Amino acid sequence: MSESKRTIELTIDGRKTSVPEGSTLLQACQGLAIDVPTFCWAENLTPVNVCRICVVELEGARTLVPACSRKAEAGMVVQTESERVKLSRKLVLELLGSSVDMSLASEFQALATKYDAHPERFGPRAPRAAPGEREAARAGHHYAEDGEHAANVAQPKKVDNELFVRDYAKCMLCYKCVEACGTDAQNTFAIAVAGRGFDARIATELEAPLPDSACVFCGNCVGVCPTGALMFKAESDVREKGEWDESRQTVTDTICPYCGVGCQLTLRVQANQILRVTSPADHSVTSGHLCIKGRFGWGFVQGKKP
Ligand code: SF4
Ligand code: SF4
Ligand code: FES
C-alpha cells in the first residue's frame, strides 16, 4: 500500500495553496493557473535549470529561484511577477535575443514584448562564424571582443543527412535535445554539450557528422527543440524556398502504421507533403518520443523510398 504524500501549504502572489510534498514551485503555480514562462523545462524531460526564465522571488531568499526545479516548502511566500523577477526575465531575454537567432521561437517573441526586452541595445550582431570556427574554439580560452558588436552564435547550418538539419545559430542551449537523446528518452547519448562559456555548443563525439556518429535518427531531439535549431529537412527545404505557409497546412492525428506499440503521430502537412511529425508530450504510450520509423519513415506515403 503506497503512503499518501504530505501536503505542503504556501502562498503564491498572495494566494494560499497546498500541493503534495515533492511538488515544484512551477507545479504549484500551474495549480493556481499562474503562468510562469519556461524554456529549458518540459513536462516530458528532467529539469536542467539552465535558462533561468522561470525565476520567481522567494521571501527571505538572497537570490531569485528557478520555479521549474525548486521544491515547494511549507510556509514559502512567493512572488511570480515582482519588479525583480520582471527585470531578471527581461535581461535573460535580451541576452538570448542578442546572441541567438530567435526568429522562429514564437514563445520568446511573446515574452520579449511582455517584458519590454530590447536585445538591440547590445549593438549590431558580430559577423557569422566561418564553418568549423566555433567547433575549433579552445575550451576556457577567452577571445577579446571588438567592443562594437554583440557576440552571437551565428554560424552555417549543418546539413549532413536527409532527415533533419541542425541550425545552431538558433540554439539557445536549453539542453532539451541532450536530455531527449540521453536518459530521458532515447539513451543513445549521441549529442552533448561541448566547450565552455560562450563557446559551449551542442556537439556529436569529435564533431562527427550525424551519420558517422552514434545517432540513430529517432528525431526525439527535433521533437523537443523550442527554437527551430533542429528541424525536419522537409520543413527546412520548404522554408528556404519561402513557401512555408501555415494557412495552407493541416495538422492531423493518426497512429503509426509500423508496429503494435501504436504510437500517436501528429502530422503537419502542406500541399500533400508531410513536413513535420511529432507526438503529444502527454501521450501515455510515447510521452512525446518516437523511433525513426514513426518520425521519418513516411516517404512511402508520398511515393518516395522510406
Ligand atoms: S536523432 Fe535521436 S539519437 Fe540522433 S541526436 Fe537526436 S535524439 Fe540523439
Ligand atoms: S538544439 Fe534546440 S533543443 Fe538542443 S540545446 Fe539548442 S535550442 Fe535546445
Ligand atoms: S525553465 Fe526553469 S531554469 Fe529553464
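# Close-up views of a predicted model

**View 1. The shell around ligand 1 has nine nonpolar residues, four polar residues and no charged residues.** The model shown here and in the following views is predicted. Around ligand 1 there are 13 residues, and those that come nearest are Cys181, Thr188, Cys215, Cys218 and Cys221. Two elements, helix H4 (176-181) and helix H5 (220-224), each give two or more residues to this shell.

**View 2. The shell around ligand 2 has eleven nonpolar residues, one polar residue and one charged residue.** Which residues come nearest to ligand 2? Of the 13 residues around ligand 2, they are Cys171, Cys174, Cys177, Cys225 and Ala229.

**View 3. Domain 1 and domain 2 touch each other.** The domain assignment of the chain places domain 1 at residues 1-125 and domain 2 at residues 164-302. Their C-alpha centres are 26 Å apart. Domain 1 gives 17 residues to the contact, and domain 2 gives 19 residues. On the side of domain 1 that touches domain 2, twelve residues are nonpolar, two are polar and three are charged.

**View 4. Five strands make an open sheet with mixed pairing.** The order of the strands across the sheet is S2-S1-S5-S3-S4. Strand S2 (15-20) and strand S4 (65-66) stand at the edges with a single partner strand each, so one side of each has no neighbour in the sheet. Within the sheet, strand S3 (residues 55-58) and strand S5 (residues 77-79) run antiparallel and are joined by two bridges. Glu57 has Gln79 of S5 opposite it. Helix H2 (residues 83-99) lies across S3 and S5, and its direction makes an angle of about 155° with S3.

**View 5. Strands S7 and S8 form a hairpin.** Strand S7 (residues 191-194) pairs with strand S8 (residues 201-204) over four bridges, in the antiparallel sense. Ala194 stands opposite Arg201, which belongs to S8. How many residues lie between S7 and S8? There are six, and in this turn Gly195 has a positive phi of about 80°.

**View 6. Three strands make an open sheet with antiparallel pairing.** The strands follow the order S10-S11-S12. Strand S10 (249-255) and S12 are the edge strands, and each of them pairs on one side only. On average, neighbouring strands of this sheet are turned by 30° against each other, with direction ignored. Strand S11 (residues 264-270) and S12 are joined by five bridges in the antiparallel sense. Opposite Leu267 stands Val277 of S12.

**View 7. Helix H6 lies across strands S11 and S12.** The helix runs at about 130° to S12. Which residues of helix H6 (residues 233-240) are buried? Ala234, Glu235 and Ser236 are buried. The buried residues of H6 pack against three strands: strand S6 (164-166), strand S9 (230-232) and strand S12 (273-278). After H6 comes Gly242, which has a positive phi near 75°.

Notes:
Residues are numbered from 1 along each chain as its sequence is written. Chains are lettered from A and ligands numbered from 1 in the order in which they are written. This is a predicted model: local features need pLDDT of at least 70, side-chain atom pairs count only at pLDDT 80 or more; totals for chains, interfaces and linings use all residues. Two strands pair if DSSP finds at least two bridges between them. Two residues are in contact if their C-beta atoms, placed from the backbone, lie within 7 Å. Axes are lines fitted to C-alpha atoms, for helices over the stretch in contact, and angles run from 0 to 180 degrees between N-to-C directions. A residue is near a molecule or strand if its C-beta atom, placed from the backbone, lies within 6 Å of it. Ala, Val, Leu, Ile, Met, Phe, Trp, Tyr, Cys and Pro count as nonpolar, Asp, Glu, Lys and Arg as charged, and the others, Gly among them, as polar. Domain bounds come from an automatic or database domain assignment. A residue is buried if 20 or more other C-beta atoms lie within 10 Å of its own, exposed if 12 or fewer, and partly exposed in between; C-beta atoms are placed from the backbone.
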